[in-house]
Amino acid sequence: MTQNDFYTILPLTILTVWACLLLVVDLFIPKNSKGFTAFLSALGLTAALGYTLLFRNYESTGFNNMVVADGFSTFVNLLLLVSGLFGVALAYGYIKRAGIERGEYYILMLFSVAGMMLMAQASDLIIVFLALEWLSIPLYVLAAFARPNLQSEEAGVKYFLLGAFSTGFVVYGTALIYGATGTTSLGGIFYTASNQTPGLLLTIGAALLLVGFAFKVAAVPFHMWTPDVYQGSPTAVTAFMSSGAKIAGFAALLRVFATAFPAISADMTPVLWVLAALTMVVGNITAISQTNIKRMLAYSSIAHAGYILMAFVPYGNKEVLPVSVAAGLFYLASYAVTNFGAWAVVISLEKAEGRGLEISDFAGLAKKYPALAIAMTAFMLSLIGFPPTLGLVGKFYLFRAVIAGGYSGLAVIGVVTSLVSAYYYLRVVVNMYMREGDPSTESEMWLGFTTIITAVATVALSFIPQWMFAAAGAAVLRLF
Amino acid sequence: MEFLLQPLTLLTFFPLFGVLVILFMNSEAKNAIRWTAMAASLLTFGISLWVLSQFNASNPDLQLEAKYPWINVAGWNIYYYLAVDGLSILLVLLTAFLTPISILSTWTAVEDRVKDFMIFFLLLEVGMMGVFLAQDLFLFYIFWEFTLVPMYFLIGLWGGPRRVYAAVKFFLYTMAGSILMLVAILFLGIKADTFNVPTLLARLPDLYATSITPQIQMLLFIAFTAAFAIKVPMWPLHSWLPDAHVEAPTAGSVILAGVLLKMGTYGFLRFNIPLFPDATVQAAPWIALLATIGIIYGAAVSYAQADVKKLVAYSSVSHLGFVMLGMFALNAQGVSGAILQMINHGLSTGALFLLIGMVYEQTHTREIKVYGGLWKVMPVFGTVMLISSLSSMGLPGLNGFVGEFTILLGAFGAGVDGVFTSFGGVWWAGISAVGVIMAAVYILYMFQKMFLGPAGEVTHHHELKDLNWREILTVAPLLIFMFWIGLYPAPFFNLIAPAVEKLLIGY
């Protein structure tokens, strides 16, 4: 291992080593003060965040080009670390309340974040596979964390089985690609594929990889697990999972396709087009009939996977690629912020044994807790893509990339499905403001803090998106 | 500081000051909140007069520009860009003028959640001002969509029994149109590499000569039309309007009819006509067809209404048909008549909604047939109602006549030797003229049933009070302008004329 190798993966190494240490330290922390573990975990995340920020311009490759640090991975890593911090903040009071406060919750989260970061830096299909497992296994455990609650156990098992199944696709795809090109390195695949006519084997391999990732990011028709897992998992886990796993999945997908598979873009682009369109349509339409807020947000998360997938469609077009990568990242960031906020509000209303999670339980929220209702309204507007919120700016950016790539038809599907989504997001607003009810909420400092931060960010950043645009624009993929 | 002191920036965002102050007020101090909102909107009106005094009417170009780069990275050229010209100055004044009047009308009508009401109302004013002033497509789109949010809450929270349905319908309908416009805006922005309207105008002729085919131009035109036609609303896209109007609180109806609908017609004027000249000429007779159907249909349906508010709502469909007809005549009379008629409709329909609201507050019913003989018990109310009704139906000497007459002149002109000759010709003006007569029928029918004849059920059983000083103060400014425009419209036309001339250079 050279010094270069070491620096390339230093942020995730910090996190991993810290998590290992915490496993030991946690043994000495008394049962009734596990909040201290949360604090220490946040400290680790902050350290990694600080390091990444400090060396945000560092670019290199390590371990024989198997991992890479570039503008793209830096942006994604920052996003993941911030998501991790939000995840800790949301869990702090929640797991106490749910009676599942155990130190390993935070440690598992740290491991998962580290896996996600490796995913964003992976430059070899073997590493992609490794990172996929690394980030998923802690998530399976977290999904079932509320055992012996049946729903949570079911969620864990379901997530595990389907996750393992989808990993199988990734492995098989990798094998086929190796067969076609004789290498698993993204750069190597690119060279081989562009120096000879890419055969059917490569295309099938890439398609299988796509299937595997489509499972992870919950794209239709590989989304079946999402509503059940999101509903059954402890809500704090769902919040983290729906942002973190999505960011990591998309980061890997984007890198793999943009760097390794430009040669077969003529075959893959129509597939991605259909996948994106289908995901947007099915996700949004199915969300309409949901009455449970967790399920609704699950379908909303499927629908948003569809929007982000739109950024992939023009991936073979070298001129548009930087714009669409930036647009995809910007959208991921704005979705993560909004999504955490929405989940924070859901957690505030959740009662023991999963009560308080129907959309009708939001009735009357505006009268009793006006601030919470305003925050939730901002999140809902942002998810629709309405001013003055980050969601609008994100959609604007994304649709622009799609249209610039020449896919106006897809953009039209995108906007029409946004209209459909307005219907179910507005239902939450209608309940909060226009129906009578007597909701009660849990107020807890870190939960409130997350709600305020995300709400302010959702609105304020839409007025000053300049630096986020610049950051996303600087998140360049290292191409070969 | 320099940024804030731009007249147009100040005009747009001044109501936010009011919002900020109200946010920190005790929600039980209802009167204090009302006065604060009133003061904020009156000061905004004062700023609009200041803007008017700075406005050079003989200059056809955009004036008082406030222009700053906003998002300028990674190939984005988005400006914070506000400016006013002859096309928008009157609408800006109308917005600033109607807002305090509407707030005054809520003094006793809104008792529930006064704080929230005023906040939403002032936010709405910010959005409307922004729509009329924005000269960057991105900025325009933000303001355009943003107006939906406060209006949605105004209808949904303070509306009638079916308010939630009406609010959601309003939101979804309007959004359905604007999302297609979003795609068109992005397409234009990418092709021309700017979202800035004047720059876009300068670059478009080249693009039309090279990369944008007439078919695409037509598609862009249709996408913009979708957004604006729903807002206007043009037949057959009007079905959200009666619901929204009937359920909205009085002040909401006034602003909805007075200003929000004008955002649609203004959009045609500001974007469709200058940006897509070939498509506009092609589409003009078809728009005229829809407008004419709207005029006749709106008038006929108005006549059949049992609810007086619904009657006025459908009359808007008819009146805005006139505006559309005049605008797409694409000659000086037609377009200036259309702009003036936008103002007229705001004044007379605004007054009608206010008056209906005032009597509704006392009787809690809007059914025409339960009234009767109102004039005897409420003489002042009757007089004011009569003037507003006559103004709405276009009696000579009042504002409505000037607008409709000029529009019909323009439409005849376009039918004889203009854009309508390709299809329909003078028929559009001819049939629309029947609409004027039909307006007289439904308006006078309503007036007769409610105000004349024997005392109806409600008139009998209620101790009806005539208008008080506050209510008179609410409608008086509107009446003054009805007479002013009706008797001496020249100053108003002078504000519009140079800009209209410039707009029509290519036609």
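User: What makes strands β1(B) and β2(B) a pair?

Analyst: Strand β1 (residues 63–71) of chain B and strand β2 (residues 78–84) of chain B are joined in the antiparallel sense over six bridges, and two strands pair if DSSP finds at least two bridges between them, so β1(B) and β2(B) count as paired. One of the bridges links Lys67(B) to its partner Tyr81(B) in β2(B). Helices (H or I, at least four residues) and strands (E, at least two) are DSSP runs, numbered from the N terminus. This is a predicted model, in which local features need pLDDT of at least 70, side-chain atom pairs count only at pLDDT 80 or more, and totals for chains, interfaces and linings use all residues. Residues are numbered from 1 along each chain as its sequence is written, while chains are lettered from A and ligands numbered from 1 in the order in which they are written.

User: Why is Leu64(B) called partly exposed?

Analyst: A residue is buried if 20 or more other C-beta atoms lie within 10 Å of its own, exposed if 12 or fewer, and partly exposed in between, with the C-beta atoms placed from the backbone. Leu64(B) has 19 such neighbours inside 10 Å, and therefore counts as partly exposed. Leu64(B) is in strand β1 of chain B, and has a positive phi of about 55 degrees although it is not a glycine. In strand β2(B), five of the seven residues are buried.

User: Why does His364(B) count as exposed?

Analyst: His364(B) has 9 C-beta neighbours inside 10 Å, so it counts as exposed. His364(B) lies in the loop between α14 (332–363) and α15 (374–377) of chain B, and its phi, near 60 degrees, is a positive value in a residue other than glycine.

User: How do you know that the span of helix α2(A) is close to what is expected?

Analyst: The expected span of a helix is 1.5 Å times one less than its number of residues. Helix α2 (residues 10–25) of chain A has 16 residues and reaches 22 Å from its first C-alpha to its last, close to the expected 22 Å.

User: What makes the buried residues of α2(A) line one face?

Analyst: The buried residues of α2(A) are Pro11(A), Leu12(A), Leu15(A), Thr16(A), Trp18(A), Ala19(A) and Leu22(A). Seen down the axis of α2(A), they fall within an arc of 165 degrees, so they line one face of the helix; the arc is that of the directions from the helix axis to the C-beta atoms. Val17(A) and Val24(A), on the other side of α2(A), are exposed.

User: How many residues of each chain are in contact with the other chain?

Analyst: Two residues are in contact if their C-beta atoms, placed from the backbone, lie within 7 Å, and 28 residues of chain A are in contact with 26 residues of chain B. The largest share of the side of chain A that touches chain B, 13 residues, comes from α18(A). The predictor gives the complex an ipTM of 0.89 and a pTM of 0.91.

User: How confident is the predictor in chain B, and which of its elements has the lowest mean pLDDT?

Analyst: The predictor's confidence in each residue is its pLDDT, from 0 to 100. Chain B averages a pLDDT of 89, and 99% of the residues score at least 70. Among the elements of chain B, helix α19 (residues 457–461) has the lowest mean pLDDT (74), and helix α4 (residues 114–133) the highest (93).
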